Amino acid sequence: MAGHSKWANIQHRKGRQDAARSKLFSKLSKEITVAAKMGDPDPDKNPRLRMAVKEAKSVSVPKDVIDRAIKKSQGGDAESYDEIRYEGYGPGGVAVIVEAMTDNRNRTVSNVRSTFGKSGGNLGETGSVSFMFDRKGEIFYKPEVGDADTVMMAAIEAGAEDVESDEDGHWIYCADTDLNEVATALEASLGESETSKLIWKPQNRTPLGAEEFAKLMKLVETLEDDDDVQTVTTNVDASDEVMQAYAEG
């Protein structure tokens, strides 16, 4: 299911994109700082940092913000963040994975648990839903890079596992451990990608009606508004009609 772009469009139509812009910049800056602190501050020598910088550039984070985040990692006063994954179920039994970076575990787990509870969901143990997802590398190209067959051939040659193409672009998937290698090989044949990142790819999806989808989106949006939360992934499957009803609501 190529629901990636639809999901982004839904959020855009709800007017959250601009409102959440500074918060998104902050989250991406945090990832850049952590990636640079854990490895080399040179993106060319640090795959995780290179991915973080690319992700930041894809949403127009200014160069000086990126440079400042890298520089911050080299200072003696750089904050120390723990990376934590939370798992649970949202409305309608949808599986939810929340990835966070925090300097206060107690604060973060308290906020995440409270958000799940208020939204009709339940926070579970680590591993309670992640078995329903595969950890994959995802590389995205815009449609103008080539037709589906061209991209598929390039992806196979680069060592990718799967490609999903639609009018919005091409999503190329590979093993999580191969992401840097596959992204580099694709760059040689297709040029630089828009994004390359690690994701949780659902093995199966849970369909929801309009009412439950609206509740789930409220949970996702509230989680994403938390400064400690970096990403939220679900295995929801919503029809075009359900998404349209939500967008118009």
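The model is predicted.

**Two helix pairs**

Start with helix α7, residues 148–158, and helix α8, residues 179–190. Their axes come within 9 Å. They cross at roughly 140°. The two helices are therefore oblique to each other. The crossing of α7 and α8 is right-handed. On the α7 side, Val151, Ala154, Ala155 and Ala158 make the contact. On the α8 side, the residues are Val182, Ala185, Leu186, Ser189 and Leu190. Sorted by class, the contact of α7 with α8 has eight nonpolar residues, one polar residue and no charged residues.

The second pair lies further along the chain numbering. Helix α9 covers residues 210–224, and helix α10 covers residues 240–248. They pack at an angle of about 60°, and their axes are 9 Å apart. That angle makes α9 oblique to α10. The α9 and α10 crossing is right-handed. From α9 come Ala210, Phe213, Ala214, Met217 and Glu221. They meet Val242, Met243 and Tyr246 of α10. The residues of this contact divide into seven nonpolar, no polar and one charged.

**Glu87, a buried residue in a strand**

Is Glu87 buried or exposed? Glu87 counts as buried, because its relative accessibility is 0% and the cut-off for buried is under 20%. Glu87 lies in strand β1, which spans residues 82–89. The side chain of Glu87 makes a polar contact of 2.8 Å with the side chain of Arg85. Leaving out residues up to four places away in sequence, Glu87 touches a list of others. Among them are Val96 and Ile97. The list also includes Leu123, Gly124, Glu125, Thr126, Gly127, Ser128, Val129 and Ser130.

**Loop residues**

Where does Gln74 sit? Gln74 is in the loop between α5 (63–73) and β1 (82–89). Gln74 is partly exposed, at 48% relative accessibility. A polar contact of 2.6 Å joins the side chain of Gln74 to that of Ser73. Beyond its neighbours within four places in sequence, Gln74 is in contact with Ala36 and Pro41.

Ser60 occupies the loop between α4 (47–58) and α5. Its relative accessibility is 48%, so Ser60 counts as partly exposed. The backbone of Ser60 deserves a look. Phi of Ser60 is near 65°, a positive value in a residue other than glycine. Most residues other than glycine have a negative phi.

Asp225 is found in the loop between α9 and β9 (229–234). At 38% relative accessibility, Asp225 is partly exposed.

Ser22 belongs to helix α3, residues 21–38. Ser22 counts as exposed, because its relative accessibility is 57% and the cut-off for exposed is over 50%.

Asp237 sits in strand β10, residues 236–237. Asp237 is partly exposed, with a relative accessible area of 30%.

**Distances across the chain**

| Pair | Separation in sequence | C-alpha to C-alpha distance |
|---|---|---|
| Ser22 and Val61 | 39 residues | 9.4 Å |
| Asp225 and Lys27 | 198 residues | 10 Å |
| Asp237 and Ile97 | 140 residues | 15 Å |
| Gln74 and Val220 | 146 residues | 33 Å |

How far apart in space are Asp225 and Lys27? Their C-alpha atoms are 10 Å apart, while 198 residues separate them in sequence. Gln74 and Val220 are 146 residues apart in sequence, and 33 Å lies between their C-alpha atoms.

Notes: Residues are numbered from 1 along each chain as its sequence is written. This is a predicted model: local features need pLDDT of at least 70, side-chain atom pairs count only at pLDDT 80 or more; totals for chains, interfaces and linings use all residues. Side-chain values use heavy atoms; hydrogens and water are left out. Helices (H or I, at least four residues) and strands (E, at least two) are DSSP runs, numbered from the N terminus. Buried means under 20% relative accessible area, exposed over 50%, partly exposed in between (1.4 Å probe, protein chains only). Axes are lines fitted to C-alpha atoms, for helices over the stretch in contact, and angles run from 0 to 180 degrees between N-to-C directions. Angles under 35 degrees count as roughly parallel, over 145 as roughly antiparallel, 65 to 115 as roughly perpendicular and the rest as oblique. A crossing is left-handed if the near helix is turned anticlockwise from the far one by less than a right angle, and right-handed if clockwise. Contact means heavy atoms within 4.5 Å. Ala, Val, Leu, Ile, Met, Phe, Trp, Tyr, Cys and Pro count as nonpolar, Asp, Glu, Lys and Arg as charged, and the others, Gly among them, as polar. A polar contact is a pair of N or O atoms within 3.5 Å; within protein, one must be able to donate a hydrogen and the other to accept it, and residues adjacent in sequence count only if both atoms are side-chain atoms.
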